[in-house]
Amino acid sequence: MKIVFIAALGILSLTQASRACADNLNGKNLYVQRCAVCHGADIRGTGPLANKSNPPTPDLTTAAFKKRLKDYPGVIVSSVILRPNGDLIPRTLKENGVRVAPYAWRVNDFRDLNQYMLGVIAKSR
């Protein structure tokens, strides 16, 4: 029991340190440059390519997605890294003539993007 408590404290401190270190401007810039074309500025799936993918881009401010975030806090980052929809994003971009430059992601970029998106999602009603 003592080890579980110490481990939980360690995870909590890492989470708090991560939030304190997050660069919101970097997160916003990454989101605007790489995500908003589909997800829209408001993260509601309102970008110019939102309805040009199959399936359409989801609204990440819904109660269902907020529950998913609560159940799986890493879902945003894992979606960027693992691309669970395969080639959906690159295919949609290519089919619509949108070029997004390659990007060498850093760990801090994932943290910053996650924190920025969580902030926007939390402010939505």
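This is a predicted model: local features need pLDDT of at least 70, side-chain atom pairs count only at pLDDT 80 or more; totals for chains, interfaces and linings use all residues.
Reader: How are helix α2 and helix α7 oriented to each other?
Author: Two packed helices are described by the angle between their axes and the distance between the axes. Helix α2 (residues 24-34) and helix α7 (residues 107-123) have axes 7 Å apart, at an angle of about 85 degrees. Angles of 65 to 115 degrees count as roughly perpendicular. The two helices, α2 and α7, are therefore roughly perpendicular.

Reader: How many nonpolar, polar and charged residues are in the contact of α2 with α7?
Author: On the side of α2, the contact is made by N24, N26, G27, K28, L30 and Y31. On the side of α7, N108, D109, D112, L113, Y116 and M117 take part. By class, the contact has 5 nonpolar, 4 polar and 3 charged residues.

Reader: How many residues apart in sequence are the parts that the pair of Y31 and Y116 ties together?
Author: The whole structure holds 3 aromatic pairs. One of them joins Y31 and Y116, with 5.8 Å centre to centre and 45 degrees between the planes, and is tilted. Both Y31 and Y116 are buried. Y31 lies in helix α2 and Y116 in helix α7, so the pair ties together parts that are 85 residues apart in sequence.

Reader: Which class, stacked or edge-to-face, does the pair of W105 and F110 belong to?
Author: Planes under 30 degrees apart count as stacked. The ring centres of W105 and F110 lie 4.9 Å apart and their planes stand at 10 degrees, so the pair is stacked.

Reader: Is F110 buried or exposed?
Author: Buried means under 20% relative accessible area. F110 has a relative accessible area of 17%, so F110 is buried.

Technical notes
Residues are numbered from 1 along each chain as its sequence is written. Side-chain values use heavy atoms; hydrogens and water are left out. Axes are lines fitted to C-alpha atoms, for helices over the stretch in contact, and angles run from 0 to 180 degrees between N-to-C directions. Helices (H or I, at least four residues) and strands (E, at least two) are DSSP runs, numbered from the N terminus. Angles under 35 degrees count as roughly parallel, over 145 as roughly antiparallel, 65 to 115 as roughly perpendicular and the rest as oblique. Contact means heavy atoms within 4.5 Å. Ala, Val, Leu, Ile, Met, Phe, Trp, Tyr, Cys and Pro count as nonpolar, Asp, Glu, Lys and Arg as charged, and the others, Gly among them, as polar. Rings of Phe, Tyr and Trp (its six-membered ring) pair if their centres lie within 6.5 Å; planes under 30 degrees apart count as stacked, over 60 as edge-to-face and the rest as tilted. Buried means under 20% relative accessible area, exposed over 50%, partly exposed in between (1.4 Å probe, protein chains only).
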